[in-house]
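Visitor: Please show me the model. I want to go through backbone angles and ring contacts.

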Amino acid sequence: MSELTTEGNSVTSSTNVMVPSTHQGDVILSVNDLSVSFKTHDGLVQAVSHLSYEVRRGQTLAIVGESGSGKSVSSLAVMGLLGSDNANITGEVNFDGKELISSSADTVRQLRGLKMAMIFQDPLSALHPYYSIGKQLIEAVTAHQKVSKEAARARALEMLNRVGIPSADKRIDDYPHQLSGGMRQRVMIAMALINDPELLIADEPTTALDVTVQAQIIELLRDLQKEFGTAIVIITHDLGVVADVADDVIVMYGGAAAEQGPVREIFYQPEMPYTWGLLASIPKAGDEGQLDPIPGTPPSLIHLPKGCVFAPRCAFRRQVPGNACATTRPDFEITGPNHAARCHLTTEQRKTIRLERKIGK
């Protein structure tokens, strides 16, 4: 462990830092030192490494990063959806005071769908093709509540209306293939929220939707959050969505948190070169289609680099003395009251680079 001084306060930092949220409210989900690995024929896949965060009631936390960075796996672990036969999960996941990693599968199953729910990336795959959407919504109610099928159908119809399904009284008997992609996503949101969960995890909820429908889905999530006070974890690679809905952001790379902080600081005062690269790759007005992509490819989660995982793609690694980027894994260190990053560059170096390259402007 090492010590940093932030605004006059001594702060302990290590590879496992719980970054406090800027959002007010009770903590509903606390993930502490979560690691997930899978045994494969090619070797051990370290999908998630020492991830820690908190989510408060009414807060939206965005988890961003490239494909294979560990975003979805971490949330599947939280939801208890990784098979114990092939996944090794360590750390703690506390939901509303209950530790889930050590709990029985039945205990987690009772919470899943009732107190915590997930919107999956591909609604066509997540919805059962052989049953009408109404039947699936009714089952989501009756699996957790002792109500009649008539009451459950009324609740299903209410939720379809609430998420904006037109002619819901007729659509309730349709099958998934009869709905558009945007409508299927709305059905998934209705199913996730039908039991008024306290936590909602949305895995790429706007992928493969046109921009108009994307905006409608994001607005729907925002409205429902205001109505129910739901805590939301949104998994995405779309920084436009992040800027629109998030309170706090975790940037993941190579299975670990590379940076974490309030959304405004992530966009306007980012501390880590990988985050700089993500921001630079966003199309901007007047760029005439020119993008500034991050060179290279994400690392193999079986053969992670010895030092900084991002070093092979980092344009600033030679500014760190002693070849530390290639030999030493940087700690996840506090850089501000609610901000942490994993980088060997000094505070002054990062500040100078941001000013010279107009990063975060």
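Visitor: Is Asp196 buried, partly exposed or exposed?

Guide: This is a predicted model: local features need pLDDT of at least 70, side-chain atom pairs count only at pLDDT 80 or more, and totals for chains, interfaces and linings use all residues. Residues are numbered from 1 along each chain as its sequence is written, and side-chain values use heavy atoms, without hydrogens and water. Buried means under 20% relative accessible area, exposed over 50%, partly exposed in between (1.4 Å probe, protein chains only). Asp196 has a relative accessible area of 39%, so it is partly exposed.

Visitor: What is the phi of Asp196?

Guide: Asp196 sits in the loop between helix H7 (181-193) and strand S9 (199-203). Helices (H or I, at least four residues) and strands (E, at least two) are DSSP runs, numbered from the N terminus. Asp196 is not a glycine, yet its phi is positive, about 55 degrees.

Visitor: Is Glu204 buried or exposed?

Guide: Glu204 also has a positive phi, about 50 degrees, without being a glycine. Its loop runs between S9 and helix H8 (211-228). At a relative accessible area of 6%, Glu204 is buried.

Visitor: Are the rings of Tyr253 and Tyr274 stacked, tilted or edge-to-face?

Guide: The structure holds four aromatic pairs. Rings of Phe, Tyr and Trp (its six-membered ring) pair if their centres lie within 6.5 Å; planes under 30 degrees apart count as stacked, over 60 as edge-to-face and the rest as tilted. For Tyr253 and Tyr274 the centres are 4.5 Å apart and the planes at 50 degrees, so the pair is tilted.

Visitor: Which residues do ring pairs link into a cluster?

Guide: Tyr253 and Tyr274 are both buried. The cluster linked by ring pairs consists of Tyr253, Tyr274 and Phe310.
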